[in-house]
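Here is a short briefing to read alongside the model.

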Amino acid sequence: MALDLSKVRNIGICAHIDAGKTTVTERVLYYTGRSYKIGEVHEGTATMDFLEEEQERGITIQSAATTCFWTKDDVKYHVNLIDTPGHVDFTIEVERSMRVLDGAVVVFDGKEGVEAQSETVWRQADRYGVPRICFINKMDKLGADFDFSYNSIKERLGVVPIPVQIPIGAGDTFEGMVDLITMRAYFFTGEKGEVVEERDIPAELQESATMYRSEMIETASQFDDDLMEKYLEDEDGLTEADIRKAVRKAVLGQEGYAVFCGSALKNIGVQRVLDGVIDYLPNPTEVPDVEGTDPKDEEVALSRPHTPEAPFSALVFKIVNDTHGDLTYMRVYSGTLERGSRLLNPGNNKKENISRIFEMHAKDRDALDSCEAGQIVAVVGLKNSMTGDTLCSEADPIILERMHFPDPVISMSIEPQTADDRKKLGDALVTIRREDPSFRSEYNDETGETIIAGMGELHLEIIKNRLVRDMKIGVNVGQPKVSYRESLSGAANEVRGKFVKQTGGRGQYGDAVLTVKPMTPSEAEDLGLEMKDGVAFKDSISQGVIPKEYIPSVEYGVRETAKSGVLGGYPMVNVFVELVFGSYHDVDSSQVAFEQAGKLAFKLACEQAGIGLLEPIMKVTITTPEDFFGTVSGDISSRRGQIVDSELRGIVRIITAEVPLSEMFGYTSTLRGLTQGRASSSMEPLEYRMLPPRLAEDVLKA
């Protein structure tokens with residue numbers, strides 16, 4: 001039976017670490033009947049946190065997908081749900097989930113409001129144009145404050161929140177919420193909050209509810225002329241349908257964001273959030289047609305409507321190694337796929353066979369005979385497709401927009417203990433790279449070391465544990481190292497690189513003259529140049545002094561040298577290279593010779609211009625009792641850090657600082673020691689900055 005796309009919601013749950021995403025998801029699974037008992041993160045029994053590491057640490061490491069059903073107003077809806085991590089080391093999991101979602105529920109801690117990682121996931125959702133609703137969770141927590149959290153959405157995210165609920169009580173007294181559209185109070189009773197009771201609004205909340213309702217209607221009417229007209233004529237004549245239509249319009253247009261409240265842990269409010277998902281988040285037909293390009297000509301833009309009748313297109317967003325072959329998760333954007341079909345991967349022009357199709361429920365799965373537009377499924381049988389690849393019908397190829405994957409900021413050496421471990425390690429690293437695009441590994445021929453790189457200490461620690469515990473490979477690991485970058489500190493004009501080799505018979509001749517200078521990606525964009533792998537290359541050869549067929553070889557030589565660096569083996573970034581002159585030999589010139597000439601000229605030009613090291617700077621957010629503010633800020637200064645913001649919330653101080661990554665190893669333990677275990681911190685990559693020359697010398701000597 002064909003899927004009614006108007007009854008489908010593809011949503012994600014995302015937030016700052018410890019805001020309660022997985023706890024919310026577990027309640028969703030319980031209330032939708034997907035699981036018969038509620039799993040708890042703190043007990044290690046959460047359905048969606050099924051990895052051993054996740055259960056031990058009480059955090060989400062990889063995004064997990066599930067399908068459940070929710071009935072509202074006697075209509076059954078099909079909800080595809082992805083629970084994402086909050087820890088910055090696994091931000092790639094959020095990134096790839098956002099790419100394939102139609103809507104998201106962003107969860108906030110009722111006491112903390114908008115936190116550092118809340119801002120990051122919000123920006124990721126902005127990047128992929130994902131409509132959102134907000135859920136202020138943990139209203140039962142000591143110190144929870146709805147007004148503060150609501151205002152932090154307005155102020156820290158700079159967006160327009162639309163309150164559709166307010167809480168009844170807070171902390172120990174929290175017991176339900178007032179729906180501002182129906183102007184009724186809702187209480188959640190029964191063993192697991194599964195019984196929803198509707199009552200009159202408590203007298204002491206009438207004034208607050210009326211005030212917030214006015215704010216809701218005034219805000220929503222900004223985005224809906226019909227509501228504005230009715231509101232000005234007769235505020236009392238507004239219907240629930242009028243208000244919901246306006247709020248939905250604001251949410252779908254990403255101009256306003258409906259705000260709910262509750263406590264997932266205390267089983268209060270989650271059912272109303274599910275109603276909000278149905279009321280305000282889009283179905284697959286309400287998001288713009290998916291856009292891509294023609295594989296034969298990237299200048300030609302193509303689009304596909306979200307219908308089962310359109311040519312098939314899907315995006316691979318996750319690969320999980322499985323005992324029966326890789327499970328490849330994909331979002332189907334258009335068309336229909338039957339089990340046993342053949343598809344094209346237009347990125348590498350390889351054909352793929354789809355042997356099986358599954359609807360996933362965390363680690364469990366249900367076999368399907370077919371899937372169609374709007375579904376999120378996992379398939380078995382793909383051999384040549386990676387995360388971010390498009391799969392489409394052979395007759396109508398299209399390449400969908402790829403995802404953005406950040407560069408790793410930290411690396412460490414890893415070596416196998418035995419010859420048998422060596423072979424297994426090579427295969428295991430390939431598997432992990434396929435699964436996790438933010439992880440890199442490479443073998444260094446000079447040192448004989450294998451270097452692995454990732455997004456943070458926790459990221460690499462979990463990969464190491466996976467190699468040792470899950471894959472049973474004996475490895476020794478070195479200390480984590482920072483991933484530095486090289487960049488120019490000045491400019492150099494017209495530097496020649498001449499490669500001449502004369503042996504018996506035909507020789508080699510290549511001659512290239514380059515100009516180099518520092519340039520940011522935005523400056524390159526302004527000049528119409530593409531900054532690729534840190535280098536913007538411009539061909540300014542005139543009158544054929546170098547034949548056209550040799551110019552790509554010069555560029556290739558430049559880019560290869562930039563990748564491996566000139567000063568200390570670190571990749572070069574933010575470099576503009578212009579090929580201005582050169583010469584060639586009718587017989588001896590070749591592509592290899594010009595590649596070597598490009599390498600020589602680039603090295604010499606960089607040395608002449610001057611090279612500095614760039615280091616990754618982290619944005620660090622520390623939450624500490626006010627008593628320890630002096631101690632913590634003094635420690636930040638000793639780490640070459642700068643405090644850029646400091647805010648007092650009650651007796652707690654929120655410090656935002658910018659600190660070099662090299663100074664932050666083991667910081668969590670140090671912070672606990674400085675504050676008697678009462679402070680916490682989170683950090684995310686901010687930017688690269690020039691390292692002081694004295695410290696750069698120490699890095700290069702090490």
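Phe146, Tyr150 and Tyr212 come together as one aromatic cluster. Please keep in mind that this is a predicted model.

**Aromatic pairs**

- Phe260 belongs to strand E11 (residues 257-261) and Tyr280 to helix H9 (residues 270-280), so the pair ties together parts that are 20 residues apart in sequence.
- Both Phe260 and Tyr280 are buried.
- Phe317 and Tyr329 make an edge-to-face pair, with 6.0 Å from centre to centre and 65° between the planes.
- Because Phe317 sits in strand E14 (residues 313-320) and Tyr329 in strand E15 (residues 327-334), this pair ties together parts 12 residues apart in sequence.
- Phe317 and Tyr329 are buried as well.

**Charges over rings**

- Arg132 places its charged end over the ring of Trp122, at 4.5 Å from the ring centre.
- Arg272 places its charged end over the ring of Tyr186, and here the distance to the ring centre is 4.0 Å.

- Which way do the side chains of strand E8 (residues 176-179) point, and are they buried or exposed? Gly176 and Val178 point one way, Met177 and Asp179 point the other way, and all are buried.
- Strand E7 (residues 165-168) pairs with E8 in the antiparallel sense through four bridges, and Pro167 is found opposite Met177 of E8.
- Strand E9 (residues 184-189) also pairs with E8 in the antiparallel sense, over four bridges, with Gly176 opposite Phe187 of E9.
- E8 and E9 make a hairpin with four residues between them. Met183, in the turn, has a positive phi of about 55°.

**The sheet E13-E12-E24**

- Three strands form an open sheet in the order E13-E12-E24, and their pairing is antiparallel.
- Strand E13 (297-304) and strand E24 (399-400) are at the edges with a single partner strand each, so one side of each has no neighbour in the sheet.
- Strand E12 (residues 290-294) is joined to E24 by two bridges, and the two strands run antiparallel. Gly292 is the residue that stands opposite Leu400 in E24.

**Strand E30 and its partner E35**

- Strand E30 (residues 485-488) is covered on both faces. Arg485 and Ser487 lie on one side, Glu486 and Leu488 on the other, and all are buried.
- E30 pairs with strand E35 (residues 611-625) in the antiparallel sense over four bridges. Within E35, Ile611 is the bridge partner of Leu488.

**Two loop residues to look up**

- Asp74 lies in the loop between strand E2 (64-72) and strand E3 (75-83). Its relative accessibility is 78%, so Asp74 counts as exposed, the cut-off being over 50%.
- Asp74 and Cys14 are 60 residues apart in sequence, and their C-alpha atoms are 28 Å apart in space.
- Ser393 lies in the loop between strand E23 (390-392) and E24. At 17% relative accessibility, Ser393 counts as buried, because buried means under 20%.
- What does Ser393 touch, not counting residues up to four places away in sequence? Ser393 touches Pro311, Phe312 and Leu343.

**The chain as a whole**

- The chain has 17 helices and 38 strands.
- Its radius of gyration is 28 Å, close to the 27 Å from the globule rule for 702 residues, so the chain is as compact as a globular protein of that length.
- Along the principal axes, the C-alpha atoms fill a box of roughly 100 × 65 × 60 Å.
- Of the 702 residues in the chain, 56% are buried.
- Among contacts in the chain with a separation of 6 or more, 72% come from residues 24 or more positions apart.
- The accessible surface of the chain is about 30,500 Å², and 47% of this surface belongs to carbon and sulfur atoms.

Terms used: Residues numbered from 1 in each chain as written. Predicted model: local features only at pLDDT ≥ 70, side-chain atom pairs only at ≥ 80, totals over all residues. Heavy atoms only, no water. Buried < 20%, exposed > 50% of the residue type's maximum accessible area, 1.4 Å probe, protein only. Phe/Tyr/Trp six-rings, centres within 6.5 Å; stacked < 30°, edge-to-face > 60°. Lys NZ or Arg CZ within 6 Å of the ring centre and 35° of its normal. Pairing = 2+ DSSP bridges. Rg over C-alpha atoms; globule rule 2.2 N^0.38 Å. Contact = heavy atoms within 4.5 Å. Areas by Shrake-Rupley, 256 points an atom, 1.4 Å probe, with all protein chains shown as cover.
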